[in-house]
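Please find below a colleague's note on the structure shown here.

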Amino acid sequence: MMQNAMAPFGLALQDYFKGNKEAIAYIVRDDGHRDEMKIAPYFRTKADFSEMELFALQKVAGKVLDLGAGTGVHTLELQKSNLEVDALDISVQACEIMISRGVKNAICGSIYDQKQTQRYDTILSLGRSIGFVGDLKGMRKFLQYAKSIMKEKGQILFDSSDIRSSKDPIHVKYRQNNVQNGRYFGEIRFQIEFQGKLGDMFHMLQIDPKTLQTLCDEAGLHLEVIFRGDRGSYLAKITRK
């Protein structure tokens, strides 16, 4: 279950929130590659937002669903603009922290737990949290489900990345192995580790704009790339055709 996969991350957030400002977790990829993940950025303020984040928040309107809301960094800013926001995260600790920080409506669970009678003007997912869909099949499922809870003139806003922009031999080899094994090159499999505790293995998707365009066409949705950042990153706006 995704909750088990994210459990160490939740503990790391909790550790930071309780005072350990040097808290660090680790991303352990299935090929053995290991990356340090500092927790402080998950508590950043608007002053630390990237240009892409600031641009995205300016595009948000109406009733909002913030997916992978984490500690509420984006929800809290949107609340200041008097927007109604449902902040959704799979981590129990993240939801508890959001509430403590002033998020008005924190929901612990998966987007697929949301009642389809609920409708949103904006479905938002920043910080590449959209990767939770796991693979291309998961992205297809997400687009159809998001379409079902999006208002007629609503929008989906999320950022992702074409990871082919990285020329690091370690990452190039990983992409090549994916393709050789019949997987999409942007599918990443890893575990999160914190203080010796490893979560379950899960899949994280980074999708290039051309492939996303194909999936949007299949779903009867319109894709517009409205911002391009560095290292292959981009901001997607998806609406009904």
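1. Basis of the note. This is a predicted model, in which local features need pLDDT of at least 70, side-chain atom pairs count only at pLDDT 80 or more, and totals for chains, interfaces and linings use all residues. Residues are numbered from 1 along each chain as its sequence is written, and side-chain values use heavy atoms, with hydrogens and water left out.

2. Helix α1, geometry. Helices (H or I, at least four residues) and strands (E, at least two) are DSSP runs, numbered from the N terminus. The expected span of a helix is 1.5 Å times one less than its number of residues. For the 16 residues of α1 (residues 2–17) this gives 22 Å, which agrees with the 22 Å between its end C-alpha atoms. Gly19, with a positive phi near 130 degrees, follows α1.

3. Buried means under 20% relative accessible area, exposed over 50%, and partly exposed in between (1.4 Å probe, protein chains only). Buried residues of α1 include Ala5, Met6, Pro8, Phe9 and Tyr16. Contact means heavy atoms within 4.5 Å. The partners against which the buried residues of α1 pack include β1 (24–29), α4 (92–101) and β8 (187–194).

4. Nonpolar cores. A nonpolar core is a set of buried Ala, Val, Leu, Ile, Met, Phe, Trp, Tyr and Cys residues joined through side-chain atoms within 4.5 Å. The largest has 31 residues, of which Met139, Phe142, Leu143, Phe158, Leu212 and Ile238 touch the most other members. Elements giving two or more residues to this core include α5 (136–149), β7 (150–161) and β12 (233–240); α5 gives the most, with 6 residues. Not counting residues up to four places away in sequence, Leu143 touches Leu215, Cys216, Ala219, Leu221 and Ile238. A second, separate core of 21 residues includes Phe9, Ala25, Ile90 and Met204.

5. Helix α7. Pro209, Thr211, Leu212, Leu215 and Cys216 are the buried residues of α7. They line one face of the helix, because they fall within an arc of 155 degrees when seen down its axis; the arc is that of the directions from the helix axis to the C-beta atoms. Their cover includes α5, β7, β11 and β12. At the start of α7, a side-chain oxygen of Asp208 comes to within 3.2 Å of the backbone nitrogen of Lys210.

6. Thr75. This residue lies in helix α3 (residues 73–80) and is buried, with a relative accessible area of 0%. Its side chain forms a polar contact of 2.7 Å with that of Asp66. A polar contact is a pair of N or O atoms within 3.5 Å; within protein, one must be able to donate a hydrogen and the other to accept it, and residues adjacent in sequence count only if both atoms are side-chain atoms. Beyond four places in sequence, Thr75 is in contact with residues including Val85, Ala87 and Val103.

7. Positive phi outside glycine. Arg231, in the loop between β11 and β12, has a positive phi of about 55 degrees although it is not a glycine. Arg231 is exposed, at 66% relative accessibility. Its C-alpha atom is separated by 5.7 Å from that of Ser165, 66 residues apart along the chain. Gln195, in the loop between β8 and β9, has a positive phi near 50 degrees and is exposed at 65% relative accessibility.
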